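Please keep the sequence and the model at hand while reading.

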Amino acid sequence: MNNKLLKSTLGTLAIAAAMTVGSSAVFAGADLDKKLVINGETEIVTRTAAPAHLDGALDEIFSGWIFRKDETQTAQMDDFDNPGMIFVDIAQDAWNKVDGSEGKSCASCHGAAEESMAGVKATYPKWNEAAGEVRSIDMEVNNCRTTRMGADAWKLTGGKMTAMNALITLQSRGMPVNVAIDGPAQSMWERGKEMYYTKTGQLEMSCANCHEDNYDLHIRADHLSQGQTNGFPVYRLKNAKLNGVHARFKGCVRDTRAQTYKPGSEDFLALELYVASRGNGLSVEGPSIRN
Amino acid sequence: MKPAILGMAALFAATTALSAAEIAPGDVVFEDGAVAASITGVVGDPVNGRMVVASKKHGNCIACHANDEMPDVAFQGEIGPNLAGVADRYSEAQIRGILVNADVTFEDSFMPSFYRVDGYIRPGKRYTGKAADDTFAPLLAAQEIEDVLAYLMTLK
C-alpha cells in the first residue's frame, strides 16, 4: 500500500471513529486552587511552597488530591463517604484488644489513640535513637507487638498493619508533614534521594520523570500527581482497599518494567523517608481516596 | 548486572530466528542520531505500524504522544510532542534513530529506547516486577520498528 492510499484509508477510518467515539480526549489541567476541608472542620493544606531541600527542583508542592476527579475529591470531604474510615474502625478495635503473651493491648500502654498518637504520623519515618535506625510507623507497631505485647509481628503490607497505620495517621490529620532529613537520618535520606532520581527498568524512568518533570500532565489516561505521600494510607477505588506507601512504590517501579524492591525493605524505607520529606509543609491527609 | 544482561541479549539473538538482513539491537549504527539503513531489509507496513503506535500492548506511543491522525484512540498523552507532521520535521533515518534509541538524539530523553537490550538498571521481566530472565527482548521487534517508521513517514 502506498502512503497516499494509506492516508486516505486512515482518514476514513478516523472520521468514522470520530463520529462514534467522539474525538480524542483533550485533557484539562487540575484546579490548583481547589480547597479541601474534611467534615466541614479540618482544613487540609493541599498546595504550599516547596521545602528548601527542593530548591531548583520544585517551587510548589501539591497533594495528590488536587489531581483527582471531582467525584473523588468530593468523597474525601466527608468521612461518611470515605471508605478508608471503615478500616480505621477495624483498627480501633484492634487498638483496644489484648493480644499476645503479656496480656496487653495498644491501649494498655498508649491510652486513647486520639491523644497519644496526635502528631506522630507527621514526623515519620524518623530516627529511633535507642534502636539506632530509621523507623517507619509500621516498624514501631511491630516492635510494640513483638517486644512489649509478646504478639506476632503483622505483615508489613497486610490489611491489619495498613488499617492501624490509618488509625494512627488520622490523629495527625491537618498537621503539617515535618520529617527530619538531617542528623542521623541523613544518610538514609540521601539513599532515598538517589533512588528517586535513578532511572530504572527497561523503560528507564525515575520517580522524578513522572512526578517532578511531568506532574499535572497525562500519561495515557493517568493524570500525574507529584507522587506525594501525605495522603497515605490511600483507599484506592481500583482495588477497593487501603494501600500503604510501599505497595504504591512497588506498583510505580513495576510500571517502569523494572525488578521492584521489596515492600518493607530498607530500600523502600529510604525512599519512604525521602518522598515524605518532599511533602514537608503539606497536611497529613490520610486516610484519603484515590483512583 | 550489565554482563548478565549482555548474556541474555546474546541468548535472545541466538534463539530468535533472525532474517538474513536483520540487525541485532546492539549492532545498530548511528550517525548523528540517525540510522540510515533499514534494520530488517524488509519494507515497513504502515498499517501494522499504526496499530503498534496506538496499542497499549505494543508501542503504546500514545501514552506520551497525542497524534492528530488518531482521533479514534482515546486518552492520548501529553508528555512528548504531538506526532502530527513528524515526517516534515525529521528524515526517515532520523526517526529510525529516535525509535531505536531516543537518547542518542535527545540527551537523557524520557522516551524509552525501543530497540535496545543492554545498559539497564534493575531490568524487569515485562510488567511482573520480577527480574529480567532469558525472555528479555527489546520493547519492539525489528520489523515493528520498521512498521512504525513506515507509519510515521505518512504523517506529513
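The second largest pocket is lined by 18 residues, and those that lie nearest its centre are F67(A), R68(A), K69(A), H218(A) and H223(A). Here a pocket is, on a 1 Å grid over the protein atoms alone, an open set of points with protein on both sides within 12 Å along at least five of seven lines, whereas a cavity is a set of points where a 1.4 Å probe fits but cannot get out, and lining residues have an atom within 4 Å of a point. This is a predicted model, in which local features need pLDDT of at least 70 and side-chain atom pairs count only at pLDDT 80 or more, while totals for chains, interfaces and linings use all residues. Residues are numbered from 1 along each chain as its sequence is written, chains are lettered from A and ligands numbered from 1 in the order in which they are written, and side-chain values use heavy atoms, with hydrogens and water left out.

The volume of the second largest pocket is about 360 Å³, a volume being the space filled by probe spheres set on the grid points, which are joined across faces, edges and corners. At least two lining residues each come from α2 (70-75) and β8 (222-223) of chain A; helices (H or I, at least four residues) and strands (E, at least two) are DSSP runs, numbered from the N terminus. The lining comprises 7 nonpolar, 5 polar and 6 charged residues, where Ala, Val, Leu, Ile, Met, Phe, Trp, Tyr, Cys and Pro count as nonpolar, Asp, Glu, Lys and Arg as charged, and the others, Gly among them, as polar.

How many cavities of 30 Å³ or more does a search of the whole structure find? The search finds 1, and the largest cavity has a volume of about 40 Å³. Its lining consists of S105(A), C106(A), C109(A), H110(A), C144(A), R148(A) and M149(A), and α4 (106-110) and α6 of chain A are the elements that give two or more residues to it. The largest share, 3 residues, comes from α4(A).

An open sheet of 3 strands has the order β10-β9-β11 in chain A, with mixed pairing; two strands pair if DSSP finds at least two bridges between them. Its edge strands, each pairing on one side only, are β10 (241-243) and β11 (288-290) of chain A. Strand β9 (residues 234-236) of chain A is joined to β10(A) by 3 bridges and the two run antiparallel, with Y235(A) opposite L242(A) in β10(A).

The helix contacts are set out below. Axes are lines fitted to C-alpha atoms, for helices over the stretch in contact, and angles run from 0 to 180 degrees between N-to-C directions.

| Helices | Angle | Axes |
|---|---|---|
| α6 (137-148) and α7 (159-170) of chain A | about 110 degrees | 10 Å apart |
| α3 (84-96) of chain A and α7(A) | about 95 degrees | 8 Å apart |
| α8 (186-196) and α11 (266-278) of chain A | roughly 90 degrees | within 7 Å |

The angle of about 95 degrees makes α3(A) roughly perpendicular to α7(A), a term for angles of 65 to 115 degrees. In this contact (heavy atoms within 4.5 Å), residues including F87(A) and W95(A) of α3(A) meet residues including M164(A) and L167(A) of α7(A), and the residues divide into 11 nonpolar, 1 polar and no charged.

How values were computed: Parallel < 35°, antiparallel > 145°, perpendicular 65-115°, else oblique.
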